[in-house]
Amino acid sequence: MIPDPISIEKCPPEYDSFRDEELDGQLRAKAKAELREDAGSRDAALAQIREFIAKHPQIVRCRTDVMFLLRFLRMRKFNVVEACNFLELGLTAIAKHPECFQVRDSVEEMNRFIRAGVIVPLGYNRDDQLVVLYRVAAVDTSWMTPAQIIKYAYVTVQVLGEDNRFQIGGVELIFDIGGTSMAYVGMWKLSDLNLLFVSADTALPARIKKVHVAPMVPLAVMFSNLCMGIISTKMRERVVCWDRSDFAKAVEEFTPTKVKGTCAQQ
């Protein structure tokens, strides 16, 4: 369980521990098969990453609770060196771009963005991956900014990341770009796009399994091609582009049952 309140002391007097009963049999088997995770590898890796944090001269404050650190270890399949590097890159991004990664918004501002429905978790699919929808048409360019979109994507991952199922199963993204307008394209500077996609590789501890992009209408195609030139090769290999008719059929394969009809219609 997560300590309440969550401590950001880099070297606390004692650490919490993972309870194996937090994983059901199916989730435990998935973690073992896909992430090489078992009680032994988990305990050893947690000890090593905590030692890394405690001895790092540039890390002043950092969470060391189990659920936070497991995000990075699971993200890198318990390769401790890579997990430590990912954590360090994430902390650097947070310090360098506070406007994107530090939430100082009022509750009213947060609720306004949430109600707009730009980023919508839909539920888990048959492969036990969380499906998350991003709706370009819901972006109100009169008051929303790229920094806000990056920030709330980051917040979404932080909230969802407190769950073992999300950490182990990963996430499947649907980018609904049918509402792409000149105003939407114009709001994104190249530096904003670069930060968005670099942060996906360095600051967002989520196992992105696949990215669906649809529908491929002319303006959206132009903008998507620009984005494809920025994202990493590894991420590019996970992107699938759909036209509207094929996407409506494909929805049956990768979305949760309770939202299939709604997704297909949209």
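This is a predicted model: local features need pLDDT of at least 70, side-chain atom pairs count only at pLDDT 80 or more; totals for chains, interfaces and linings use all residues.
First, the ground rules. Residues are numbered from 1 along each chain as its sequence is written. Local features need pLDDT of at least 70 and side-chain atom pairs pLDDT 80 or more, while totals for chains, interfaces and linings use all residues, and side-chain values use heavy atoms, without hydrogens and water.

A search of the whole structure gives two cavities of 30 Å³ or more. A cavity here is a set of points on a 1 Å grid over the protein atoms alone where a 1.4 Å probe fits but cannot get out, and lining residues have an atom within 4 Å of a point. Volume is the space filled by probe spheres set on the points, which are joined across faces, edges and corners.

The largest cavity holds about 750 Å³. Its lining has 37 residues, with Leu 173, Phe 175, Leu 196, Phe 197 and Val 211 nearest the centre. Strands are DSSP runs of at least two residues, numbered from the N terminus.

E2 has neighbours. Strand E1 (residues 119-124) runs antiparallel to E2, joined by five bridges; Pro 121 has Val 132 as its bridge partner. E3 runs parallel to E2, with six bridges, and Tyr 134 stands opposite Phe 175.

Definitions and conventions. On a 1 Å grid over the protein atoms alone, a cavity is a set of points where a 1.4 Å probe fits but cannot get out, and a pocket is an open set with protein on both sides within 12 Å along at least five of seven lines; lining residues have an atom within 4 Å of a point. Two strands pair if DSSP finds at least two bridges between them. Helices (H or I, at least four residues) and strands (E, at least two) are DSSP runs, numbered from the N terminus.
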